[in-house]
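Let's take a walk through a protein model together.

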Amino acid sequence: MSELSIEAVHLSRRFGSFLAVDDVSFSAARGEIFGYLGANGAGKSTTIRMLCGLLAPTAGEARVAGFDVKTAPESVKASIGYMSQKFSLYLDLPVRDNLDFFGGAYGLSGPDFAARADEVLRLCDLEHERDAITGSLPGGIRQRLALGCAILHRPAVLFLDEPTAGVDPVSRRHFWRLIRRLAREGTTIFVTTHYLDEAEYCGRIGLMVDGRLVALDTPAALKRRYVPGRVLSVRGRNLASAAASLRSRPGIIAVEPFGAGLHLQVAAENWNADSVAQALASAGAQAVEVESGEPTLEDVFLAVVARPREVRHD
Amino acid sequence: MITSPRWSVQLRAVVRKEIRQTVRDRRIMFMLIVAPLLQTVVFGFAVDFQFDHVPTLVVDHDASAQSREHIRRLLADGTLRDAGHTTELGAVQRKLQTGDAAAALVLPEGLARAFAAQRAAEVQVILDGGDPNRAVVVAGAASRYFGEAAESMVKERLAAHGIAPPPLIRATPRIWFNPSLKTPPYMIPGVMTILLVITTTLVTAMGLAREREMGTLEQVLVTPIRPLFLLVGKMTPFLVIGCFDVLLVLTAGVWIFGVPLHGSLALVATGTVLYVLCTLGIGLLISTVSRTQQQAFLAGFLFAMPAILLSGVMTPIRAMPFWLQVVTTFNPVRYYIEVLRAVLLKGAGLVDIWWRLLALLGFGLALLTVASLRFHKRVA
């Protein structure tokens, strides 16, 4: 088996006339955390469902943990863990019965399994919730249980489809600690998320726009490529009209609203914080404050989504 | 530790989980255990096709010793009950409208004189046709009585003239299998039939719809469990519960309502298992066409009502128009009620009912195959 845990080659999926996933190719190495970003409906979940053997690809091929998803979906299923955006647990059963059921579903039984279940409860910090009815637990704990159920059989690849949607920041942090630990121990993680701060944890990130994988690289490389120059964050009043006049000036690469203010992307040789402040003030903005900042993945995301689809970066 | 998936571990896991969920759900437990007993008792006591003590108004215009004697003897057998006397037609109409009386017996003035003069006489029976069964019973009782009365008057007269009465043809009904014509022996098998539709079809349909609604179905489908084992595992507990319910209702029927056990219980059990395969299959089929529990419940109901009405549980199939009779041959419910009644009430053996069992088996296998193929298609 190669060191590649996931290999997708020209993967496509069509629903009627709608091309949900369009000719996507990428690979992920063992132990890598691979992030998959995109707007709603960009084809993230469809890709995951194909890689998990839940959905047959219309065209292309994919191998997961060394098995072909088309010809050996059962072997794929035995080697992966999957956690969907809804925490799909039996809410009417206690925590231990959920573990018991999913363990059995993966063919685990006997004392080995009992020991493994205890280990997972410890790992996910669920020892005190063992007998609690799952539906009575808060979202963050349910999410850890869903993760626990997905890793009982020590999968080689773990698919997480927006695992932290609707979970509080503390639980999210806790959750990501667990994920990074699993990755260090050799589990390949394939994760989709809406939280761009979380995407910073990923080794590499693929960006989906309208079913196509339009960018793929490490977070740092993506920032260099899609957000060149200097990023300035601007606060103040009457920014919108002032910014419009700035847009046409040379050296201004992009102007994006960002929170209550603006993110300006400028060529470093033409502009700095002071000259931008001055230009905005003379265009009618008041109380302008400009700070130079690091580009975030949000800048990357906005830059890529705004850009007409051209770049294919494999 | 990627243990090779073993189907028996997986199957047991599904069965165990299904039992745990069922036991925890009070509503389902109620539906599976208490409802059958309630239904048995309610149907056993409330559904009675026998009518006696039908309230009958007496309108005696003749008011003679003879007319009073006829009324007394007609009411004596207990089918009709005296609901008051009147000579006013308006009162008759009112009482029939309010339901205080279901029939009125009108003896015309001059009845005794007509008999004495050897003239023909007519007695009128007014019936409330709102309940056809009851009306038929009253009409039958009245015409039977006056027929016998006329016969004995003829004999008396002939004897007075020294003539021996002519030989008469008399029909002597001898009722087999249920000699006292009690309703429960007829209805309790019906209760068993209806009950299984509810416990197995509805519960299965809603169970799978719930998994789909909650997203757990998708979570299970990414495990290496084969869909077939998932379905088998989900149905097994309900097959057992269905058989248990049948035993429960049958026991209650025998003890409380005196349902006879003429035939082999093994045949009843075989029929039940085959029938439950059908009802489970329908439940699965419904679950493949419904997205939510609500839809599944409605669809289950839409199936159950006509299936029960077209089974012969309530009304005889022979009384249906021909095209509906043809429809009933595609109704598994019909074959099960026929098996139950034949075996329990008449002691029928395998030779008498084998083709009905075969029909149930055929329907069951076909339904389960179609349902699991559809299930496969929808998830794959």
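This is a predicted model: local features need pLDDT of at least 70, side-chain atom pairs count only at pLDDT 80 or more; totals for chains, interfaces and linings use all residues.

Residues are numbered from 1 along each chain as its sequence is written, and chains are lettered from A and ligands numbered from 1 in the order in which they are written.

Start where the chains meet. Here 27 residues of chain B are in contact with 28 residues of chain A (in contact means that the C-beta atoms, placed from the backbone, lie within 7 Å). On the chain B side, the elements giving two or more residues are helix H1 (7-24) and helix H8 (216-221). Helices here are DSSP runs of H or I with at least four residues, strands are runs of E with at least two, and both are numbered from the N terminus. H1(B) gives the most, with 8 residues. By type, that side of chain B has 12 nonpolar, 8 polar and 7 charged residues. Nonpolar covers Ala, Val, Leu, Ile, Met, Phe, Trp, Tyr, Cys and Pro; charged covers Asp, Glu, Lys and Arg; the others, Gly among them, are polar.

Now zoom out on chain B. It is divided into domain 1 (7-47 + 182-379) and domain 2 (54-160), with bounds from an automatic or database domain assignment. Taken over C-alpha atoms, the centres of these two domains are 49 Å apart.

Hop over to chain A and look for an open sheet of 4 strands, in the order E12-E13-E11-E14, with antiparallel pairing. Two strands pair if DSSP finds at least two bridges between them. Strands E12 (252-258) and E14 (286-293) of chain A stand at the edges with a single partner strand each, so one side of each has no neighbour in the sheet. Strand E11 (residues 230-237) of chain A pairs with E14(A) over 6 bridges, and A:Val234 stands opposite A:Val290 in E14(A).

Last stop: A:Ser27, in strand E2 (residues 18-29) of chain A. Leaving aside neighbours within four places in sequence, A:Ser27 is in contact with A:Leu4, A:Ile6 and A:Glu7.

How values were computed
Two residues are in contact if their C-beta atoms, placed from the backbone, lie within 7 Å.
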